[in-house]
There are 4 protein chains.
Amino acid sequence: MSHQPNLSKNWKKKIHEVIYGTHTPAGKLFDIILLIVIVYSVIIVMLESVPGIDQEYHTFLNVSEWIVTILFTIEYILRIICIRKPKTYIFSFFGMVDLLSTLPKYLSLIFVGSQYLTAFRALRLLRIFRILKLARFVGASNNLARALSASRTKILVFVFFIIVVSVLLGTVMYIIEGPEHGFNSIPHSVYWTIVTLTTVGYGDISPQTPLGQFLASLIMIIGYGIIAVPTGIVSSEYTSAMNKRNTIQDKGRACQTCGTEVLRKDAKFCRICSTELKDD
Amino acid sequence: MSHQPNLSKNWKKKIHEVIYGTHTPAGKLFDIILLIVIVYSVIIVMLESVPGIDQEYHTFLNVSEWIVTILFTIEYILRIICIRKPKTYIFSFFGMVDLLSTLPKYLSLIFVGSQYLTAFRALRLLRIFRILKLARFVGASNNLARALSASRTKILVFVFFIIVVSVLLGTVMYIIEGPEHGFNSIPHSVYWTIVTLTTVGYGDISPQTPLGQFLASLIMIIGYGIIAVPTGIVSSEYTSAMNKRNTIQDKGRACQTCGTEVLRKDAKFCRICSTELKDD
Amino acid sequence: MSHQPNLSKNWKKKIHEVIYGTHTPAGKLFDIILLIVIVYSVIIVMLESVPGIDQEYHTFLNVSEWIVTILFTIEYILRIICIRKPKTYIFSFFGMVDLLSTLPKYLSLIFVGSQYLTAFRALRLLRIFRILKLARFVGASNNLARALSASRTKILVFVFFIIVVSVLLGTVMYIIEGPEHGFNSIPHSVYWTIVTLTTVGYGDISPQTPLGQFLASLIMIIGYGIIAVPTGIVSSEYTSAMNKRNTIQDKGRACQTCGTEVLRKDAKFCRICSTELKDD
Amino acid sequence: MSHQPNLSKNWKKKIHEVIYGTHTPAGKLFDIILLIVIVYSVIIVMLESVPGIDQEYHTFLNVSEWIVTILFTIEYILRIICIRKPKTYIFSFFGMVDLLSTLPKYLSLIFVGSQYLTAFRALRLLRIFRILKLARFVGASNNLARALSASRTKILVFVFFIIVVSVLLGTVMYIIEGPEHGFNSIPHSVYWTIVTLTTVGYGDISPQTPLGQFLASLIMIIGYGIIAVPTGIVSSEYTSAMNKRNTIQDKGRACQTCGTEVLRKDAKFCRICSTELKDD
């Protein structure tokens with residue numbers, strides 16, 4: 001009876017191929033269906049929150065929700081079963097997301113309101129990047145990711161700076177305008193400053209006194225100048241990330257002796273081992 | 001009587017030259033008159049929708065509309081008659097636009113309200129790019145087009161990412177603020193998130209609770225950082241598109257003796273081995 | 001008595017030096033006083049329009065206005081007298097501005113309301129760039145001017161594109177939302193589209209229907225992407241303008257035979273006359 | 001008794017190490033505690049301004065405030081005592097900030113309202129950049145600082161230009177719209193123009209007349225184009241600052257035989273003449 005475990009292994013392997021793989025026709029089909037179900041479920045959750053629609057189609061939406069949730073639960077269990085190291089999956093980003101997109105519906109049986117958390121299954125949409133693992137898509141997001149990762153520290157320094165500036169300017173505006181013009185408290189005033197600095201400008205609170213309007217004008221011009229900083233950073237880093245890739249891709253020569261990649265077009269000798277380089 | 005078809009052919013050829021050509025004086029005149037009529041008709045359609053103006057000048061506007069529509073219809077028919085392959089024109093972008101800019105007025109006889117669709121003839125304004133086929137205009141838009149096309153995938157990835165983030169943050173804001181503060185439903189809340197992330201900030205809905213305002217501040221700062229990404233991408237691609245064009249224009253020559261690439265257009269001798277360069 | 005015209009000539013020359021010159025102590029003093037008077041007069045005009053302030057200090061403001069106007073008139077006459085070709089000055093940009101900053105006050109004796117046009121003397125503030133003709137200031141604005149001039153055509157193409165898009169989207173929003181939700185007419189709707197596309201977002205009009213809000217979201221994301229285009233263009237052109245200047249400034253070698261500037265660091269022979277280049 | 005001053009000197013030296021140093025464990029601990037106290041005190045000041053919270057926890061917040069103020073006072077005195085040249089510290093940026101973050105609380109005993117100035121101790125948060133003197137943080141902000149400093153003049157020229165444009169457009173809008181549509185005075189109108197040009201768009205004032213809305217649309221499109229300028233400047237300068245650093249790090253070596261600049265750090269042989277490169 002040594003056949004049994006082997007068969008089970010094959011069965012697991014096949015499911016693994018369908019669920020995790022993206023190269024076989026069955027795997028592709030699975031991914032496309034999964035995407036459609038995810039989009040469908042996100043739309044259902046959103047519509048459920050619209051009073052008019054929910055009243056009329058409550059049963060349909062609720063049943064749809066339960067069907068999707070059960071499908072996702074089955075998928076989640078299958079994913080755990082057919083993988084070799086279930087723990088790596090469970091504690092990975094997508095593992096957590098997959099769990100979070102099924103749990104809230106079950107929790108809604110106990111806690112009212114928690115069903116809205118099912119909207120977190122929108123995060124599952126990010127799977128699209130995994131599924132569409134086409135060269136250009138990955139290339140595009142990789143380049144983006146590299147640029148963003150390179151400018152992470154600088155952006156953090158910048159965000160920190162913005163917050164300190166907002167606290168200061170918010171306080172000054174609170175002293176100038178005061179609660180009688182809608183600047184009820186310093187945190188509220190800091191909120192207004194961020195709304196202004198980022199050029200969002202809701203207008204739910206706006207300065208009424210001439211001095212407040214003057215300071216607000218200054219804050220806007222500062223914000224206008226500041227908007228340039230993160231853009232400049234990402235722009236530079238992205239250009240540099242792009243250039244790096246180009247440099248590597250455009251090269252076609254390597255030293256025949258030591259294998260070092262030739263980086264300069266005009267090089268005649270290897271910079272590492274001095275072997276004369278021959279043109280291809 | 002073999003003269004007849006030949007004469008008709010000449011007649012067609014002449015019209016073709018006037019309508020499609022931009023080099024003969026008659027062709028240029030036609031294009032300029034066409035542009036003026038297009039601008040005029042767009043203004044008429046817009047004014048027709050202003051209650052005060054429509055009441056007073058209704059007959060004038062309506063008659064103008066009909067004259068323009070008939071002129072456009074004649075032009076459309078002539079375009080089909082005088083071209084060799086009418087199908088390519090009819091199903092081309094400008095062919096569709098030309099049809100769409102005459103049809104709605106006729107349809108308005110049957111369906112009330114459809115006359116506003118005549119505003120689609122604003123699309124005909126895009127003909128200006130065709131008419132002003134001057135080197136620099138085309139150069140400018142070509143460069144732009146190349147940069148935009150190169151960054152298409154990245155922008156799509158980015159837009160997709162924005163939508164997923166908006167759905168998530170919109171749901172969280174819906175849970176925090178709720179319908180009593182104007183966040184009536186998740187779709188409405190997602191709409192608010194997009195309004196905020198893009199720094200538009202209408203202020204028709206704005207967070208009222210301290211927690212909501214805190215999260216809104218975070219969303220704004222995120223949006224502020226995110227604004228940098230598409231700018232960085234287009235900026236880089238545009239620079240790279242511009243560099244490529246410059247490189248292509250300056251390049252093309254190499255020294256016959258040492259093979260060094262000639263980098264300057266005005267170079268007469270190789271900068272490495274002093275061999276005289278010959279023009280191709 | 002041939003002395004008289006000569007003396008008058010000297011007198012004119014001296015005034016010319018003081019008014020137009022920026023290098024003599026008297027010329028510098030004149031420029032600084034002029035700037036202060038300009039700033040003072042702009043502030044006076046602005047304060048005059050504030051109801052509360054005008055009521056209390058009407059006489060003071062009015063007298064101040066008249067004194068400044070008379071001073072500017074004298075300056076304008078002197079500028080015409082002491083220059084060789086008065087016509088070139090009168091029809092130059094600054095000549096027109098100087099005239100426009102004195103005329104309105106005189107006109108206010110005849111037409112009520114025209115005194116606000118005196119605010120146009122704010123344009124005289126642009127003289128600051130002339131006065132502060134320091135290398136770095138000119139360098140900075142020259143570089144800017146070069147970048148803006150190089151991207152002029154592209155920005156125009158872009159602005160034209162924005163307007164066509166706004167007319168189209170504005171019409172669609174007018175059809176969707178209609179006058180009952182504040183989209184009174186197509187021009188009004190186009191105005192709203194521009195407010196949204198540019199991420200200004202006043203919120204005086206905002207979409208009320210779900211479909212309108214969905215389209216508005218799309219417009220915002222488009223606007224968010226579009227904001228990247230002019231930035232990318234100016235960014236690239238500015239970088240290229242800066243690089244050009246750097247290339248010229250960083251060079252230190254020229255061919256000893258024909259004087260051609262050496263543009264490539266690795267050049268050993270002049271690319272124009274093949275003379276061997278010697279390192280300094 | 002010559003031991004006494006020496007001991008006192010040692011005592012001062014130790015405190016100096018703890019307060020100013022960041023390399024000893026005690027110094028690090030001190031910095032971390034300091035940061036926590038600063039953040040805590042900023043939060044306290046902010047909460048104190050919220051009416052609901054202040055009423056309930058007034059005593060707690062006030063006592064917390066006093067404890068923090070006394071701690072900061074002790075720290076300030078210690079900083080002056082243990083440094084060699086107290087004047088340099090007192091009149092340095094951080095010296096002023098440290099004083100300003102203790103004084104207002106004492107002043108609040110005399111002047112009501114001045115306690116809000118304690119929010120200025122948010123400026124002490126900037127110490128974080130000093131404390132986290134890690135290479136990458138400093139590198140990041142140094143690069144930023146260099147780019148901002150290089151574009152300082154250009155940004156100033158730009159801000160000046162914006163202000164002149166705002167005064168002019170503000171006046172025109174005041175003449176068009178007038179006080180009956182919320183444009184009460186020219187300064188108010190200039191404030192509106194800045195709100196619009198910077199794409200903040202509160203909507204507290206918005207044009208009502210068709211002409212006003214047309215001009216506003218123009219201002220927005222101008223503002224949209226203008227937003228590109230500072231971004232372009234910072235972007236370019238940042239790229240150039242980044243390139244310079246890269247160049248400086250990679251440079252410094254040249255081939256002793258042919259003088260070719262060594263471009264790669266890992267190069268051991270000249271890429272032009274194969275001479276072995278010696279490290280400096």
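**View 1. C:Leu47 counts as partly exposed, at 29% relative accessibility.** Partly exposed denotes a value between the two other classes, buried being under 20% relative accessible area and exposed over 50%, with a 1.4 Å probe and protein chains only. C:Leu47 belongs to helix α2 (residues 25-48) of chain C, where helices (H or I, at least four residues) and strands (E, at least two) are DSSP runs, numbered from the N terminus. Between C:Leu47 and C:His58, which are 11 residues apart along the chain, the C-alpha separation is 9.9 Å.

The model is predicted, so that local features need pLDDT of at least 70 and side-chain atom pairs count only at pLDDT 80 or more, whereas totals for chains, interfaces and linings use all residues. Residues are numbered from 1 along each chain as its sequence is written, chains are lettered from A and ligands numbered from 1 in the order in which they are written, and side-chain values use heavy atoms, with hydrogens and water left out.

**View 2. Helix α2 of chain D, residues 25-48.** The 24 residues of this helix should span 34 Å at 1.5 Å a residue, and the end C-alpha atoms are 34 Å apart, which agrees; the expected span is 1.5 Å times one less than the number of residues. Buried residues in α2(D) include D:Leu34, D:Leu35, D:Val37, D:Ile38, D:Ser41, D:Val42 and D:Val45, as well as the charged-type residues D:Asp31 and D:Glu48. An α-helix has 3.6 residues a turn, so residues three or four places apart point the same way.

**View 3. A nonpolar patch on the surface of chain A.** Among the residues forming this patch are A:Val63, A:Ile67, A:Leu103, A:Tyr106 and A:Phe111, and the patch as a whole has about 1100 Å² of accessible area, a quantity from the Shrake-Rupley method with a 1.4 Å probe, for which only the protein chains shown count as cover of residues. The largest share, 5 residues, comes from α3(A). A:Ile110, in the loop between α6 and α7 (127-131) of chain A, is exposed, with a relative accessible area of 63%.

**View 4. A positive surface patch on chain A.** A:Lys9, A:Lys13, A:Arg84 and A:Lys85 form this patch, Lys and Arg counting as positive and the charge being placed at NZ of Lys or CZ of Arg. A:Lys85, in the loop between α3 (51-82) and α4 (86-90), is exposed at 62% relative accessible area.

Definitions and conventions:
Patch = residues over 30% accessible without salt bridge, like charges linked within 9 Å, V, L, I, M, F, W, Y side chains within 5 Å. Salt bridge = Lys/Arg side-chain N within 4 Å of Asp/Glu carboxyl O.
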